Amino acid sequence: MSKKRAVSIKYTSREFDTIKADLIDYIRRYYPNTYRDFNEASFGSLVIDTVSYIGDILSFYIDYQANETFVETATEYNNILRLGRQLGYKFGGAASSFGTAALYVLVPASTTGIGPDMSYVPVLKQGAEFAGTTDAAFMLNQDVHFGNPSASIRVARVDEVTGNPTHYAVKTYGQVMSGELRTEFVEVGAYKRFNKITLQALDISEIVSIIDSEGNEYFEVDYMSQNVIYRGITNRMTTTGEDGTYAAGNQASEILKPIVVPRRFIKNRNIRTTEIIFGASSDSEVSKDFLTEPQTSILDIHGKNYIQDTTFDPTRLIQSDKFGVAPSGTTLTITYRVNTVQNVNLGTGQLNTVGEYNMEFNDATALDAAKVTDVVNSLEVDNETPIVGDIDIPDTEELRHRIRDTFATQNRAVTQQDYESFVYQMPPRFGSVKRCRIMRDNDSLKRNLNLYIVSESETGTLTEANGVLKGNVKTWLQKNKMINDTIDILDARVVNLSIEFVAVGSLERTKFEILSAAYERLQERFQRLPDIGEPFFITDIYKELRNVEGILDVTDVKVLRKNGDIAERVYSDVSFNLEKMTSADGRFIEMPKNVIYEVRYPEFDIKGVIV
């Protein structure tokens, strides 16, 4: 019986050259008489090269797959999102713009000619469609009552003979968001646990509704065992006054109610696609799925003659051991909202086209049909403030930071990072902020918090967030903030800077080529916006320019402040002392904690000379 050979194998050899060297050494050591031809043109060398090639590829994919299992080392965007979902991060998908639209209708005058006939004052229903000059579509996300006391009324038309008013223009405001509704029909076959459906449309902002052929509605939840959602129910005590005006008083127009939803789904968003996942039970398996009784939610301890701590998580009252009803043998009508263009931001006055819409009147049967038609057809729209939001999804590095912040928050806002993470998690239909920063207000007696935010205009430059977006951010934070924290939402100050440099170029390339490469390098550098309060490092300009091929040295870099209007380019007018904020050694410019810098027009604000 032959003795087993002790073979020494190097497990650290992972690339082509080291694997090949180990194979040749192995053959020479253990098969000196069997194979001796190590010529590169021999068949044996072909076999060795092939084995080394396969080993190199296997090593690469093993390393690649290992790297893709960690947030810090993953490179594929969808893999980072999957890892983020495991840590509680919810990717918002395609961002939305959010703002306020001014709405106008013409209402016939009353019989006395004094004021409009309030019976012809309509209610514009939620879902009305509008469009802007950039072909971006927008939707009204709330019912608009033109009879609201805050509505503005002006004389629009008068009788040419008597001079008495014949029509009044009624102006009010409504909240709009970008996107249009689209419908997709999906055939569902036999019952399947956790049935997954991938929607055909790309860049979906929101799933509006899912209804099957039998009329059952499926509701979106955060996790499958969540069987209760909160929904706004119309407040029936909100009535219309005798004169037709909207008399809500101090009452809310909607009441927030918990609703049990046995039919539910969760959605997973990849970089562009959207997946819908349903529950695991059939209709026969979920006979009841209701709110848990408090006395049945406490853990029973059998076999002990004592009672330990009786506290329990109150969220158990709205938890379920079921995973919801999965659709089967039906057709799902899925309605979702999707943006029509990539850039969904609009400047002032650019929302000017009315699409499809519905209006309701207090008693349409008692009104003149011709006058009703005239009122319906008179609708006009405009935006007096920009409609803005974040038009870009976060890059891979920013996505990693958001995932880490989400995991650290544990669904509550305590630290500075918690608050900032929750702001970025706000659903896109409520608007998006480009950058935010929260800090303690030391001048306040109550030590309240100041949240500084900045949004993005239709051209991709920084701009102030409008009032609607600020209100949504404040409402969004209410559910997670500490009860004793008070938050003021303020605008971050934007400082516009320009760069001038002098560099020494190589004689091997033309000055034009070197200068073009330098411009391209710096413009790419300033595409990434800094955080609020992040210093401007002048040394980074030197570093970037010295890495440009053809530049031998950088002799001078000047950073200047831009303000006012220059050749149709609008800059920020924020007061900022550039010289005072520049460090003594000239290496960086300090930014106050509520200030963010921006090179607004890189193609104009970056200038250089090659000598």
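Q: What makes α7 mostly covered?
A: Seven of the ten residues in α7 are buried, where buried means under 20% relative accessible area, exposed means over 50% and partly exposed is in between, with a 1.4 Å probe and protein chains only. The buried ones are D418, Y419, E420, S421, F422, V423 and Q425. As for the name, helices are DSSP runs of H or I with at least four residues, strands are runs of E with at least two, and both are numbered from the N terminus.

Q: What should I know about the model itself?
A: This is a predicted model, in which local features need pLDDT of at least 70 and side-chain atom pairs count only at pLDDT 80 or more, while totals for chains, interfaces and linings use all residues. Residues are numbered from 1 along each chain as its sequence is written, and side-chain values use heavy atoms, with hydrogens and water left out.

Q: Why is L469 called buried?
A: L469 has 0% relative accessibility, so it counts as buried. This residue sits in helix α8 (residues 467-478).

Q: What makes F194 partly exposed?
A: Its relative accessible area is 36%, so F194 is partly exposed. F194 is in the loop between β8 (180-188) and β9 (196-198). F194 also has a positive phi of about 50°, although it is not a glycine.

Q: How do you know that D203 is partly exposed?
A: D203 has 29% relative accessibility, so it goes in the partly exposed class. You'll find D203 in the loop between β9 and β10 (204-211). Its phi is positive too, near 55°, and D203 is a residue other than glycine.

Q: Why are α1 and α2 called oblique to each other?
A: The axes of α1 (residues 16-30) and α2 (residues 43-67) cross at roughly 135° and come within 8 Å. Angles under 35 degrees count as roughly parallel, over 145 as roughly antiparallel, 65 to 115 as roughly perpendicular and the rest as oblique. So α1 and α2 are oblique to each other. Their crossing is right-handed.

Q: What makes α9 oblique to α10?
A: The axes of α9 (residues 511-525) and α10 (residues 538-546) cross at roughly 135° and come within 9 Å. That makes α9 oblique to α10.

Q: What lines the second largest pocket, by class?
A: The lining has ten nonpolar, ten polar and 18 charged residues. Asp, Glu, Lys and Arg count as charged; Ala, Val, Leu, Ile, Met, Phe, Trp, Tyr, Cys and Pro as nonpolar; and the others, Gly among them, as polar. Of the 38 lining residues, E398, K434, R435, R528 and L529 are the closest to the pocket's centre. α6 (396-409), α7 (416-425), β22 (435-440) and α12 (602-605) each supply at least two residues of this lining.

Terms used. 1 Å grid on protein atoms, 1.4 Å probe; cavity = no way out; pocket = protein on both sides within 12 Å on 5 of 7 lines; lining within 4 Å. Axes fitted to C-alpha atoms, helices over the stretch in contact; angles between N-to-C directions. Left-handed = near helix turned anticlockwise from the far one by under 90°.
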